[in-house]
Amino acid sequence: MTAMGPDAIFSIVRGHAATVLSISPDSVPFDGRLVDLGANSIDRLEIVTMTMESLGLKFSLVELSHVDNIRDLVGFFHAKAQRGAA
């Protein structure tokens, strides 16, 4: 798998967030938080799981305990994808 950049990963997260939350992708800001967009814990889990599947990644969800916003989530996925592509 070719490593994806942060912009491509953000596009995937944005698309899944828009789908799960029934909102416009344009309303998902890079510097925002899913909870501020109305995402409850189930929604956030679904967005993360969908993104994991899209990127072909597997990891323990407990690794996300430090992630507080979309920027951090994208960074986390980018780091995991980089390791997976190595």
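Which side-chain oxygen reaches to within 2.9 Å of the backbone nitrogen of Ile-42 at the start of H2? The views below begin with that contact. This is a predicted model, in which local features need pLDDT of at least 70 and side-chain atom pairs pLDDT 80 or more, while totals for chains, interfaces and linings use all residues. Residues are numbered from 1 along each chain as its sequence is written, and side-chain values use heavy atoms, without hydrogens and water.

**View 1. Helix H2 and its two ends.** The oxygen belongs to Asn-40, at the start of H2; helices are DSSP runs of H or I of at least four residues, numbered from the N terminus. Such a polar contact is a pair of N or O atoms within 3.5 Å, where one must be able to donate a hydrogen and the other to accept it, and residues adjacent in sequence count only if both atoms are side-chain atoms. The end C-alpha atoms of H2 are 21 Å apart, in agreement with the 21 Å that its 15 residues should span at 1.5 Å a residue; the expected span is 1.5 Å times one less than the number of residues. Asp-43, Ile-47, Val-48, Thr-51, Met-52 and Leu-55 are the buried residues of H2 (buried: under 20% relative accessible area; exposed: over 50%; 1.4 Å probe, protein chains only). Gly-56 follows H2 and has a positive phi, near 70 degrees.

**View 2. Ser-22 in the loop between H1 and H2.** Ser-22 lies in the loop that joins helix H1 (6-21) and H2. Although Ser-22 is not a glycine, its phi is positive, about 55 degrees. Ser-22 counts as exposed because its relative accessibility is 67%.

**View 3. The largest pocket.** About 330 Å³ of space lies in the largest pocket. A pocket is an open set of points on a 1 Å grid over the protein atoms alone, where a 1.4 Å probe fits, with protein on both sides within 12 Å along at least five of seven lines; lining residues have an atom within 4 Å of a point. Of the 14 lining residues, Leu-34, Arg-44, Val-48, Leu-64 and Val-67 lie nearest the centre. Helix H2 (41-55) and helix H3 (70-85) are the elements that give two or more residues to this lining, and H2 gives the largest share, four residues.

**View 4. Phe-59, Phe-76 and Phe-77.** These three residues form one aromatic cluster. Phe-76 and Phe-77 pair edge-to-face, 6.1 Å centre to centre with 70 degrees between the planes (rings of Phe, Tyr and Trp, its six-membered ring, pair if their centres lie within 6.5 Å; edge-to-face means planes over 60 degrees apart). Phe-76 and Phe-77 are both buried.

Note on methods:
Points joined across faces, edges and corners; volume = space filled by probe spheres on them. Phe/Tyr/Trp six-rings, centres within 6.5 Å; stacked < 30°, edge-to-face > 60°.
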